[in-house]
Amino acid sequence: MPDRGSTSRLPATRSGAAWLACAPIATQEEFLAGLSDGALAALPWLFEFWAMPHQIAPEGEWRSWVVLGGRGAGKTRAGAEWVRAAVEGSRPGAPGRARRVALVGETADQAREVMVFGDSGILACAPPDRRPAWEATRRRLVWPNGATAQVFSAHEPEGLRGPQFDAAWADELGKWKRGIEAWDNLQFALRLGERPRQVVTTTPRNVGVLKALMAAPSTVLTRAPTEANRANLAASFLAEVRARYGHTRLGRQELDGVMLEEVEGALWSAAALDRARADVVPPLDRVVVAVDPPVSAHGRADACGIVVAGVRAEGPPQDWRAFVLEDATVAGATPDEWARAAIAAMRRHGAERLVAEVNQGGALVESVIRQVDGLVPYRALRASRGKAARAEPVAALYEQGRVAHVGVLAALEDQMCRMTPTGYLGTGSPDRLDALVWALTELMILPAQSWRRPRVRSV
């Protein structure tokens, strides 16, 4: 492979391959004809030209680069190419910026089969004149320029005690059974050179070691869903996994690459919410829009929770079933903007009533809404208990199988999985959850209370 400097006519873009593929045939031919023989031979190995944006290491000062992505999003290729860029020089024998690299997988076998020998592993990505040799007995790669990369198992954290490195690639950190121990030992070993760095390629998991790494000021984060790499995946695979997991929280984690947080003792769990999905919604007898207004009434404030729900009212209220139709929450909106968003949601779903909590805004909430639509059917709801106490009877409805979500209401469900009997353990206010609670209170809780209230007989 020739000197990379001979490819200076390549477009200064991170999506050069996409640019070339979309260009007219004449432009493609002109571009390729203008390359030198060396540049043309080097082109297949120039990852910067072929890479997708999420596979290119960010610029700036950082110690850890976390590539958080769905299954098949190209994370392994990103890690392998990052190692290549670290150890390779401009020519086969020239030194790179890194000389000793740690390759850490969940197990030694997985590290070897995925990171080294995998279809997107280091050996598959290496050009012939820079391809490292595998020394099986020492579990390491040796490059022509003398750089080495040694394989380690996260199951054996003590194996990282003693060696030292100037670069590291950790794969699937979210799956490591002994994650904290292995990660800590790796950090102590990453101590050579002027600026030791590491890349972490992983599907998101709600584990402490990964969450702490993502929160560190020296960490940069790249996210990518599975579809980002659809050009290199079978169309039948994408269709199948989306059909099967597209409406689940598991799909958000494994396909969309989203970190899903749950807390111990939460009133809702991801598994329970996945069971509460509705593919078909029956004719609804009543639909409401519930609003949890932000505290500030002047200028832009925090998010305004807006949730649309309906009920199928057959038989006594204890047999009714509710359907959560939409989370229409708006963030950073003025009072006029969130009022318009709530009324627009009413019109989209043919809602009979708008209900809103008025503990903070009082009559001002109704005034704001009526400035947008003076005739809107409206009911003010006032909280007499805390958020957790109000949420518990609604959580009981889910446990009874009497509430279903239409599709995945991602942000709302994230808040639900952080509400415990002792309070909300997420950041900010559970505005979406509050709106949900008010909607289901209006549709299910209050009618049931009225039904059970004993009638006073006249004398």
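The model is predicted, so local features need pLDDT of at least 70 and side-chain atom pairs count only at pLDDT 80 or more, while totals for chains, interfaces and linings use all residues. Residues are numbered from 1 along each chain as its sequence is written, and side-chain values use heavy atoms, with hydrogens and water left out.

I begin with the chain as a whole. The protein chain has 17 helices and 16 strands; these are DSSP runs numbered from the N terminus, H or I of at least four residues for helices and E of at least two for strands. Of its 459 residues, 49% count as buried, where buried means under 20% relative accessible area, exposed over 50%, and partly exposed in between, with a 1.4 Å probe and protein chains only. Among contacts (heavy atoms within 4.5 Å) with a separation of 6 or more, 70% come from residues 24 or more positions apart.

I turn now to D285. This residue sits in the loop between helix 12 (270–275) and strand 9 (286–292), and D285 is partly exposed, at a relative accessible area of 43%. Leaving aside neighbours within four places in sequence, D285 is in contact with V311, R312, A313 and E352. With E352, the separation is 67 residues in sequence and 9.7 Å in space, C-alpha to C-alpha. As for A313, its backbone nitrogen lies 2.6 Å from a polar atom of the D285 side chain.

Finally, the cysteines. Taking a disulfide as a pair of cysteine sulfur atoms within 2.5 Å, the count is zero. C125 is buried at 4% relative accessible area, and C304 is buried at 1%.

Terms used:
A polar contact is a pair of N or O atoms within 3.5 Å; within protein, one must be able to donate a hydrogen and the other to accept it, and residues adjacent in sequence count only if both atoms are side-chain atoms.
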